[in-house]
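These notes are meant for a colleague who is opening this structure without having seen it before. Please read them with the sequence and the model side by side.

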Amino acid sequence: MATEALPPPRNGTETDRGPASPTTEQFVEVQEGAEFGELRRTYRSFAFPLTLAFIAWYLLYVLLSNYAGDFMGTKLFGNINVALVLGLGQFLTTFLIAWLYSRHAANRLDPKAEAIRTRMEGDA
């Protein structure tokens, strides 16, 4: 059963409820600030090009499958053909992009976001 009650205080005092919540005005101020703009630019400069590249790569695979059947059916070795290799390449690039994004976020995005969060919780 869900309740609307606040969780009990951590050390037995009513004033220890964790970090204070920033106000709406503080969120808007941070969102309009240069530091948040830099965080957003850093994210977009990584995510948008990779997203577009992956969509183009996926569409190429689909178009080749539909309109270049002979090419996709070309056997490379044994029963392995171009279509299978390119299809498995789709999975490989998906995991590669996820791994690259994880590294990018840990190295570039998370420190900037943590600095903003810490400053906002300290100001609240």
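1. Contacts along the chain. Among contacts in the protein with a separation of 6 or more, 59% are between residues 24 or more positions apart; contact here means heavy atoms within 4.5 Å. This is a predicted model, in which local features need pLDDT of at least 70 and side-chain atom pairs count only at pLDDT 80 or more, while totals for chains, interfaces and linings use all residues. Residues are numbered from 1 along each chain as its sequence is written, and side-chain values use heavy atoms, with hydrogens and water left out.

2. Overall layout. The protein has 4 helices and 2 strands, and their order along the sequence is α-α-α-β-β-α. Helices (H or I, at least four residues) and strands (E, at least two) are DSSP runs, numbered from the N terminus.

3. Surface and burial. Of the 124 residues in the protein, 17% are buried. Buried means under 20% relative accessible area, exposed means over 50%, and partly exposed lies in between (1.4 Å probe, protein chains only). The accessible surface of the protein is about 9500 Å², and carbon and sulfur atoms hold 64% of that surface. Accessible areas come from the Shrake-Rupley method with a 1.4 Å probe; for residues, only the protein chains shown count as cover.

4. His-104. Is His-104 buried or exposed? Its relative accessibility is 9%, so His-104 counts as buried. His-104 sits in helix 4, which covers residues 82-123. The side chain of His-104 reaches the backbone oxygen of Thr-42 at 3.4 Å. For a polar contact, the cut-off is a pair of N or O atoms within 3.5 Å; within protein, one must be able to donate a hydrogen and the other to accept it, and residues adjacent in sequence count only if both atoms are side-chain atoms. With neighbours within four places in sequence set aside, His-104 is in contact with Thr-42, Phe-46 and Leu-109.

5. Aromatic pairs. The count of aromatic pairs is 2. Tyr-43 and Tyr-101 have ring centres 6.3 Å apart and planes at 85 degrees, so this pair is edge-to-face. That pair links distant parts of the chain, with Tyr-43 in helix 2 and Tyr-101 in helix 4, 58 residues apart. The rings of Phe-46 and Tyr-101 have centres 5.9 Å apart and planes at 45 degrees, so this pair is tilted. Here too the pair links distant parts of the chain: Phe-46 is in helix 2 and Tyr-101 in helix 4, 55 residues apart. The rule is that rings of Phe, Tyr and Trp (its six-membered ring) pair if their centres lie within 6.5 Å; planes under 30 degrees apart count as stacked, over 60 as edge-to-face and the rest as tilted.

6. The ring cluster. Which residues do the ring pairs link into a cluster? They are Tyr-43, Phe-46 and Tyr-101. Tyr-43 is partly exposed at a relative accessible area of 36%, and Tyr-101 is partly exposed at 32%. Phe-46, at 18% relative accessibility, counts as buried.

7. Salt bridges. Side chains of opposite charge can pair when their charged atoms come close. The protein has 5 salt bridges, each being a side-chain nitrogen of Lys or Arg within 4 Å of a carboxyl oxygen of Asp or Glu. One of them joins Arg-117 and Glu-121 (2.7 Å, N to O). Arg-117 and Glu-121 are 4 residues apart in helix 4, so about one helical turn separates them. Arg-117 is partly exposed at 39% relative accessibility, as is Glu-121 at 29%. Salt bridges that share partners also join Glu-38, Arg-41 and Lys-112 into one network.

8. Glu-38 and Arg-41 meet in a salt bridge (3.4 Å, N to O); both lie in helix 2, 3 residues apart, about one turn of the helix. Arg-41 counts as exposed at 51% relative accessibility, whereas Glu-38 is partly exposed at 34%. Lys-112 forms a salt bridge with Glu-38, the closest N and O atoms being 3.4 Å apart. This pair links distant parts of the chain: Lys-112 is in helix 4 and Glu-38 in helix 2, 74 residues apart.
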